[in-house]
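Student: Please take one close look at the interface here. Keep it connected, and show me what lies around it.

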Amino acid sequence: MAAAALDNANPVILSASQLPTRHKRSAPRKGPDCRYSDLILSRPSYMSRPFLQDDDAQYQDDTAAAVAWSRFGSGAGGADDNLSAEAIDEQEIYDLISNITDPEHPVSLGQLSVINLPDIHITPSPALGVPSPNTIVQVTVELTPTVTHCSLATVLGLGVRVRLEQVLPPNYRVEVICKENSHSQDDQVNKQLSDKERVAAALENDSLKSVLDKMLESCIDN
Amino acid sequence: MASTQIVQLQSLKPDLHERAWVSIPHPSLPLIATAHGKNVTVFSLSTLSFHSALTDGHARSIRSVAWKPALPPHELCLISGSFDSSAGVWRWNKSSGEDDGDGLGQDMSRGPAGDETAKAGEWDYNLVLEGHDSEVKCCAFNPSGNYLATCSRDKSIWIWEDIASSESEDDWETIAVLNEHEGDVKAVAWCPDVPGRNSVGQRYYSVDVLASASYDNTARIWREDSDGEWVCVAVLQGHEGTVWGVEWEPKPRDNRFPRLMTFSADETIRVWTLEQGEDNADGDGSAMSQGLGGIPSTMRRSFREQWNCTAVLPKVHDKDVYSATWSAESGLIASTGSDGVIALYKEDEAAPSDPPAVSADKDSDGNASLSHNSSAAGGPQWQLLTTVPSAHGPYEINHITWCRRYDAGSTKRGEEEMLVTTGDDGLVQSWRIDVTSS
């Protein structure tokens, strides 16, 4: 497999604005709909903000980070933080991984439809409320690699698994699989991605790690 | 009815604050070595706290450790198997000028005070064993301590012999490279030196028996034939996922050949039994008539051993079973894995003396496999005693082992057993088994 050649030179690319998201668009919002955002999105006072700027876009990013922080901080956001009372749902998982950049194309996995909202499954269902900190929650993400012989399916899957394991609480178990029939070597790819020891060793491989870092760079700002 | 409980004791200090893979107790001294990150931390089982650390030896994570057995009382030798494709040989260097003379050897009898002297020394990184092409996943010594087996993602198992004339120098030689697995070799384990080990196959093989577990869903049994060739004598098929590990029965009853336990990503734990002839002399001849299908021609005149899956333990885990341990003291099995549950199982009294209840189905290769209805034939041989959910909170548990208690809280120091679990949370946690009759 020649990794140097693009496996799919002309993928279908969706515009970012077509993708489902709960993220705030980075365009500054005006008018009455943001009147309460200071209240709704206020961060805990004990969070330091040494690099806070008045720049609105920067503020949005900071706010998103603060929201994510309080949500993933195992309820540390405090009783008066209503956001922490919501369970992590499929949309939230989607927003965490759809911005991962494809290693072959300068576009996101969401835009390439490698990751699709209906292919994200969470058990027990987030509709049942916030699971207790020790309840094992299974997050399954089905990938649809861009072509059937995509040699990078493993790398894509690894990126998704690593991203989710970095930000989800420790009771979340992440499973990344290729969508049935989408990839000619599903079983091998799936088995490799579910092997904790192989994933751990892969992350200590410098060249692979740098590919992953590049893919995940685009997630940090979101 | 007696009821059994697993009671949490204290965790070993300090917390390691990063994923810890495995904790291996020393065969005779009150020490346990934990692999985490690129380091190994050795804890004293007397004080349940830090004893010493092995650092700066490997470029990548250390996945496994093995204590060299059968050493003189004052010597310690530890092997580290690393993701950097090498294994390291470490020796404890007692600092000179200490007049106690025998700190470590006396540690057990002198109690906590002995640990003070134990700290008067350091670990020397003596030798790198190089040869594997990719991550070393496991390493293990045979009972007499002259053979070391290492296994790797490169699908091979290497057997090394310690040929140094004294323990103070290190000279190791590769005596075999075993290449038959079709995937990563996840674990290796040597058959313990129990009377039953010599009951089978002596005519054709030397005493040492090695078992391996693999990503190819099989476990294999390896022996050294009369030509000094290491050969695969059995392929254990039945698991439907990666076999994470193998463990030998530490104390077989009736001097039978030790059974083998395998545990897997398919969420099950299986027990395998060697088919022994009527006269108990050598059952391995019986496999000859089945032809040697699937066996490479290098096996020539070698004899196959017939291993049958004789039990599947009650299903508890709903994710990968990463580790299971079989007690020499009580015969109990404990298991754990990705679901963070500790489970404890007991074998029915009557079962071991019965002949293998499950007749093996032969697949086209003549290998033993287990059909789905066959586990029912033997009835429930193992019963689940108890479980502990969320034993490391929400974290995965990578390893569990029986080990002897030496701490102040134990009633019979050096005899009473406890469980030690090692998790992704960097905790090495000890547990007591309480049996109360009601």
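**The interface and its surroundings**

Tutor: Start with chain A: of its contacts (heavy atoms within 4.5 Å) between residues at least 6 apart in sequence, 67% join residues at least 24 apart. This is a predicted model: local features need pLDDT of at least 70, side-chain atom pairs count only at pLDDT 80 or more, and totals for chains, interfaces and linings use all residues. Residues are numbered from 1 along each chain as its sequence is written, chains are lettered from A and ligands numbered from 1 in the order written, and side-chain values use heavy atoms, leaving out hydrogens and water.

Chain A holds seven helices and three strands (DSSP runs numbered from the N terminus: H or I of at least four residues, E of at least two). Their order along the sequence is α-α-α-β-β-α-β-α-α-α. Of the 222 residues in chain A, 43% are buried (under 20% relative accessible area; exposed is over 50%, partly exposed in between; 1.4 Å probe, protein chains only). The accessible surface of chain A is about 11700 Å², with 53% of it on carbon and sulfur atoms (Shrake-Rupley, 1.4 Å probe; for residues, only the protein chains shown count as cover).

Now the interface. Chain B puts 26 residues in contact with 19 residues of chain A. Together the chains bury about 1900 Å², and carbon and sulfur atoms account for 46% of that (accessible area, 1.4 Å probe, that two parts lose on being put together, summed over both). On the chain B side, B:R60, B:Y215 and B:P394 lose the most area to chain A, together 32% of what that side buries.

Eight salt bridges are counted between chain B and chain A (side-chain nitrogen of Lys or Arg within 4 Å of a carboxyl oxygen of Asp or Glu). One of them joins A:R173 to B:E396, at 3.5 Å from N to O. A:K191 lies over the face of B:Y215 at 4.6 Å from the ring centre. A:R198 lies over the face of B:Y215 as well, at 4.2 Å.

Next, B:S61. This residue sits in the loop between β5 (49–54) and β6 of chain B. B:S61 has a relative accessible area of 12%, so it counts as buried. B:V40 is 21 residues from B:S61 in sequence, and the two C-alpha atoms are 9.7 Å apart.

Rings of Phe, Tyr and Trp (its six-membered ring) pair if their centres lie within 6.5 Å; planes under 30 degrees apart are stacked, over 60 edge-to-face, the rest tilted. By this rule there are 15 aromatic pairs over all chains. B:W67 and B:W123 have ring centres 6.2 Å apart and planes at 55°, so that pair is tilted. B:W67 lies in strand β6 (residues 62–67) and B:W123 in strand β9 (residues 121–129) of chain B, so the pair ties together parts 56 residues apart in sequence. Both B:W67 and B:W123 are buried.

Definitions and conventions:
A charge sits over a ring if NZ of Lys or CZ of Arg is within 6 Å of the ring centre and within 35 degrees of the ring normal.
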